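Here's a walk through one protein model, going from a sheet to a few loop residues. Have the coordinates open and follow along.

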Amino acid sequence: MRKLNAPIDALLLEPSSIPRSESALSATCLEYDPSMPNRAKQIPSWHTSRYCDELQQKSPNNSGEDKWIMCQYEAHLGPVHGLHRHLHLPKIFLTVLDWTTNVRTEDIRDSPILTLKNQNVQLLDGAWSHTRSSIIFTAATDGALYLWDILAQRITPTLCSQVSESPLLSLSTQEHGKIMAVGSKDGRLSVIQISDNLSTVTKNDKVALTSV
């Protein structure tokens, strides 16, 4: 906030020891671990999820050479549009694109621990519920909002709600779990109230999810 006319730092998404802008990948979304503010997870516009960590300052001009890309995850076959870290299980995060939602853990890089498929509907964003640990919301090109409860079933979505006639591009869940905001391609922002049975914290939800 003290310097709004230019960024104070930059990081090229290029894993070589000497990053070059001409070979760097473009980012499509970003997420971070709030418990470790210097650590971020960035997604370029290809199929790879890159995990970045600020280790130490080596360059006096803050040119980006002081940051390293720690690891990469082979995430999807195309651009990754959605990324959201679990609020209560920070090592768990989801990635959304093509027709799938992948649940991943930082400890396993070569494959997701769970894949949810929406068959013929392309997904554009996704997010965990902030209160119900097992619930995932996804936004799709058909204008519908899909809800998955991975403790109940993992073959088909638990619930589908038609929000717009236009594709849903983004969504954000409220920390108290009662309200969600969804943005569509036609420029509309929809504020959705979530029912009590989908937003009230259950006693064994986190334990059951950890077990799965």
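Strands (E, at least two residues) are DSSP runs, numbered from the N terminus. You're looking at a predicted model, where local features need pLDDT of at least 70, side-chain atom pairs count only at pLDDT 80 or more, and totals for chains, interfaces and linings use all residues. Residues are numbered from 1 along each chain as its sequence is written, and side-chain values use heavy atoms, with hydrogens and water left out.

Let's begin with the sheet. Four strands make up an open, antiparallel sheet, in the order E5-E6-E7-E8, where two strands pair if DSSP finds at least two bridges between them. Strand E5 (82–85) and E8 sit at the edges, each pairing on one side only. From one strand to the next, the twist averages 15°; the axes behind such angles are lines fitted to C-alpha atoms, and angles run from 0 to 180 degrees between N-to-C directions. Between E5 and E6 there are four bridges in the antiparallel sense, and Arg85 has Phe93 in E6 as its bridge partner.

Glu31, in strand E1 (residues 27–32), is buried and has no salt bridge. Buried means under 20% relative accessible area, exposed over 50%, and partly exposed in between (1.4 Å probe, protein chains only). A salt bridge needs a side-chain nitrogen of Lys or Arg within 4 Å of a carboxyl oxygen of Asp or Glu. For Glu31, the nearest side chain of opposite charge is Arg85, 5.9 Å away (Lys and Arg count as positive, Asp and Glu as negative; His and the chain ends are not counted). What does the side chain of Glu31 reach at 3.0 Å? That would be the backbone nitrogen of Arg85.

Now for the loops. Asp98 sits between strand E6 (92–97) and strand E7 (100–105), and has a positive phi of about 40° although it is not a glycine. Is Asp98 buried or exposed? Asp98 counts as buried because its relative accessibility is 14%. Gln119, in the loop between strand E8 (114–117) and strand E9 (123–128), is another non-glycine with a positive phi, of about 55°. Gln119 has a relative accessible area of 58%, so Gln119 is exposed.

Last stop: Gln153, in the loop between strand E11 (144–149) and strand E12 (159–162). Its relative accessible area is 33%, which means Gln153 is partly exposed. Gln153 and Leu116 are 37 residues apart in sequence, and 9.9 Å apart in space, C-alpha to C-alpha.

Terms used. Polar contact = N/O pair within 3.5 Å; in protein donor to acceptor, adjacent residues only side chain to side chain.
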